[in-house]
Amino acid sequence: MRVRALLIALSAALTLTACGRQEPSGLAPAKAPAPPTAPAVNTTASAVPGKTAADAGKPLTTTNFNEDGSETIVETPGDTSAQNKLLAAVASTVAAATPSASAAAVSGAQWQDGVNYNRIVPAQPTNVPAGQVEVLEFFWYACPHCYALEPSVQTWLKSKPGYVTFTRVPVEWNEGHRSLARLFYTLEAMGKLNDTHVEVFKEIQVNGDPLIGPDPNNAAAAERTQLSFIKKLGLSDADFEKYYHDMNVETALQRADQLAQRYRVTSVPMFVVNGKYTTDVTMAGGPEKLMTMINDLTAQEHKH
C-alpha cells in the first residue's frame with residue numbers, strides 16, 4: 001500500500017511539473033482581485049515592451065520553465081493556502097538548497113544582493129532617455145502568477161516616480177507563448193493595449209479561453225481565435241489584421257526575445273531594474289515588498 005501511495009504521489013507531482021506543457025494556457029486561474037483600469041504605460045515597440053494590501057496574504061506562486069519545455073510551479077514561501085502539499089514540500093526543499101549571499105544592502109535598506117535581488121554583471125544597456133530609469137517586467141498572459149501580481153503592478157504604476165519608464169516584455173519560449181506575445185504587440189500597434197491588457201488576462205485566467213486555439217503550434221488558428229476575441233471587445237478587425245503581421249510587430253517580437261535571452265529569463269513574472277538588477281516576488285518576499293524594493297532600487301539609480 002505504501003508503494004502504491006508513493007507511486008500515486010509521484011504521478012501527481014509529475015503531472016504538476018508538466019502542467020500546461022501541451023496546452024500553455026491550461027493552468028488554473030489564480031484567484032486575484034479584478035485589476036483596476038490600466039494607466040498609460042510606455043510600451044512602444046521602439047522601447048522594447050512590457051495587490052493591494054488585502055492581497056498581500058494571498059498565495060502567489062512562480063512558474064519555472066525548464067530546458068525541456070516543461071513547467072515547474074513553486075509556491076512562494078509563507079503561502080498559507082493548502083492547494084497542494086507536494087508544492088509546499090518542493091518549495092521548502094528549494095529554499096533550503098538555495099545558498100544565501102551576504103552582500104551589501106541597497107542604500108542601507110533591508111534589501112540584499114543575492115537574497116532579494118541579483119546584480120547583473122556586467123550591467124546591460126537600457127533603452128530609455130537620459131535621466132530615466134528603466135524597469136522591465138517579463139510576463140506571460142497565460143501565467144496565473146503574472147495575473148495575480150497585476151493588481152500590485154497597477155497600483156504601483158499610479159504612484160511610480162516620473163523618472164521611471166516601465167515596459168512589459170512578453171516571453172516567447174514556444175509557439176503558444178509567441179502567439180500571445182504577438183497579440184500583445186498587435187494591440188499596442190492598434191493603440192488599444194492600455195484598454196485591453198487586463199481584458200486579455202481575464203479572458204485566459206477567468207473565462208478559460210487560452211486565446212491560442214486548440215493547438216498551440218497552429219499560429220493560423222491562434223490568429224483566428226484572437227480575431228474573434230478582439231471583435232468581442234468592439235475593436236476593428238480590419239486594424240487587427242493590418243497590424244498582426246506588421247513589420248513593427250515583427251521587430252518588437254524579435255527585440256523582446258533578445259531581451260529575454262540577454263537576461264536569461266527562465267521564470268515569470270520577473271523584473272529587471274535599469275539593466276543592473278533582476279528580482280521577483282519570491283526573492284522580494286511578497287508583492288508589496290517587491291514593489292517597494294523596485295522603488296528603492298530605481299531611486300538609487302536615479303541618484304547616480
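Author: Strands here are DSSP runs of E with at least two residues, helices are runs of H or I with at least four, and both are numbered from the N terminus. The model is predicted: local features need pLDDT of at least 70, side-chain atom pairs count only at pLDDT 80 or more, and totals for chains, interfaces and linings use all residues. Residues are numbered from 1 along each chain as its sequence is written, and side-chain values use heavy atoms, without hydrogens and water.

Reader: In which loop is Pro 122 placed?
Author: The peptide bond from Val 121 to Pro 122 is cis, with omega near -5°. Pro 122 sits in the loop between strand S3 (118–119) and S4.

Reader: What is omega for the bond joining Val 268 and Pro 269?
Author: Pro 269 lies in the loop between strand S6 (267–268) and S7. The bond joining Val 268 and Pro 269 is cis, and omega is about 0°.

Reader: Is Leu 211 buried or exposed?
Author: Leu 211, in the loop between H5 and H6, has a positive phi of about 60°. Most residues other than glycine have a negative phi. The relative accessible area of Leu 211 is 0%, so with buried meaning under 20% and exposed over 50% (1.4 Å probe, protein chains only), Leu 211 is buried.

Reader: What is the relative accessible area of Arg 264?
Author: Arg 264 is not a glycine, yet has a positive phi of about 50°. The residue lies in the loop between H8 and S6. Arg 264 is exposed, with a relative accessible area of 73%.
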